[in-house]
Amino acid sequence: KNIDTGPCNLYLKLESFNLGGSIKDRPARNMIIQAEKKGLLKKGDTIVEATAGNTGIALAIIAIKRGYKVIIVVPNKMTIEKVFHLKALGAKVITTRSDVMNGHPEYYIEIAKKIAKKVGGFYINQFANKANLDSHVKDLGPEIYNQLNSKVDAFVAGVGTGGTISGVGQYLKEKNKKCKIILADPKGSILKDYINTGKLNNEVGSWIVEGIGEDFCPPLLNKNNIDLAYSINDLEAVKACNSLLRKEGILAGSSSGTLLAAALKFCKAQRKKINVVTLICDTGDKYLRKIYSESWRIKEGLESKRKKNDLRDV
Ligand code: PMP
């Protein structure tokens with residue numbers, strides 16, 4: 001309502017209202033239920049997963065209800081709030097290096113695989129687990145479509161596992177093949193170039209936004225359904241989050257800032273009024289000491305310190 005969306009209507013689907021506070025509740029639930037159906041999981045078993053945090057929180061909540069033990073492997077760049085939340089839920093948390101890439105023995109996914117093997121646990125494998133994508137075809141896609149009375153012209157999402165963009169994208173394209181699916185990718189991730197040029201560049205950068213952006217192409221990502229990709233830098237994402245809070249009162253996580261910034265670029269490039277949808281992937285409560293803290297933004301070089309020209313500057 002209060003943000004300039006060019007000629008478009010921009011809708012935000014607040015997945016942050018889920019019990020675990022994120023977009024990962026629905027896929028986590030489906031991955032557990034499908035594993036139970038296949039006889040791969042039974043009460044008392046241990047679930048192991050590599051996650052940016054939110055999938056872990058969702059799994060840990062469902063594990064309480066269905067009687068599983070949980071081990072979660074999280075790279076150390078993720079906020080401490082997610083780690084505390086996981087521990088409070090009873091999960092065992094292992095933090096790993098954030099500065100190593102896919103294929104390195106200390107990469108969080110490699111460590112989760114090793115742990116699962118060692119403890120005889122069930123490795124959820126959200127990156128290649130079809131039940132992740134299917135949950136979005138079954139739940140989130142139809143919900144967005146129905147809530148907008150089938151008038152969805154474009155959908156903007158990021159990629160962690162690719163489950164959301166591929167699942168919702170599949171559903172919306174099936175309903176209306178003209179619906180545009182747009183990737184919002186953090187600057188430094190390899191996916192934007194992959195979508196726009198078809199080439200997998202192995203020059204990976206770093207970004208502070210959590211939960212999206214990749215140094216590899218996740219197996220669930222369906223490139224063919226994505227029409228366009230935008231690269232959004234950390235500053236743009238942080239500014240979008242702060243503007244969303246100040247103008248709409250919505251406290252969103254950092255990945256939602258990337259999505260919002262890309263959605264606004266897309267909206268402003270349109271000539272006629274269309275309905276664009278994007279997501280609030282998780283709640284900003286998890287990032288209060290990061291993107292919503294002025295001193296953190298200054299430390300990360302995202303903002304410069306305002307000089308007072310007196311002793312307070314020291
Ligand atoms: N935003 C946040 C905050 C997330 O934790 C995730 C999942 N890693 C995503 C977006 C991306 O979702 P997906 O795994 O479906 O690509």
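**A tour from the ligand to the strands**

Begin at G160, where a backbone N or O atom lies 2.7 Å from an oxygen atom of the ligand. This is a polar contact, a term for a pair of N or O atoms within 3.5 Å; within protein, one must be able to donate a hydrogen and the other to accept it, and residues adjacent in sequence count only if both atoms are side-chain atoms.

The model is predicted, so local features need pLDDT of at least 70 and side-chain atom pairs count only at pLDDT 80 or more, while totals for chains, interfaces and linings use all residues. Residues are numbered from 1 along each chain as its sequence is written, and side-chain values use heavy atoms, with hydrogens and water left out.

Select T164 next: an N or O atom of its side chain is 2.5 Å from an oxygen atom of the ligand. At G211, a polar backbone atom stands 2.9 Å from a nitrogen atom of the ligand. On its own the ligand has 390 Å² of accessible area (Shrake-Rupley method, 1.4 Å probe), of which the protein covers 96%.

Now display the 15 residues around the ligand (a heavy atom within 4 Å); K24, G160, T161, T164 and S255 come nearest.

Turn to the open sheet of four strands, ordered β4-β3-β2-β5 with parallel pairing. Strands (E, at least two residues) and helices (H or I, at least four) are DSSP runs numbered from the N terminus, and two strands pair if DSSP finds at least two bridges between them. β4 and β5 (122–123) stand at the edges with a single partner strand each, so one side of each has no neighbour in the sheet.

Select β3 (residues 69–75) and β4 (residues 92–96), which are parallel and paired over five bridges; V74 has T95 in β4 as its bridge partner. Right-handed means that, with the strands pointing away from the viewer, the path from the first strand over the helix to the second runs clockwise.

Finally, select β7 (residues 180–186) and β8 (residues 228–232), a parallel pair joined by five bridges. Here D185 is opposite S231 in β8. The chain goes from β7 to β8 through helix α7 (residues 191–197), and this β-α-β crossover is right-handed.
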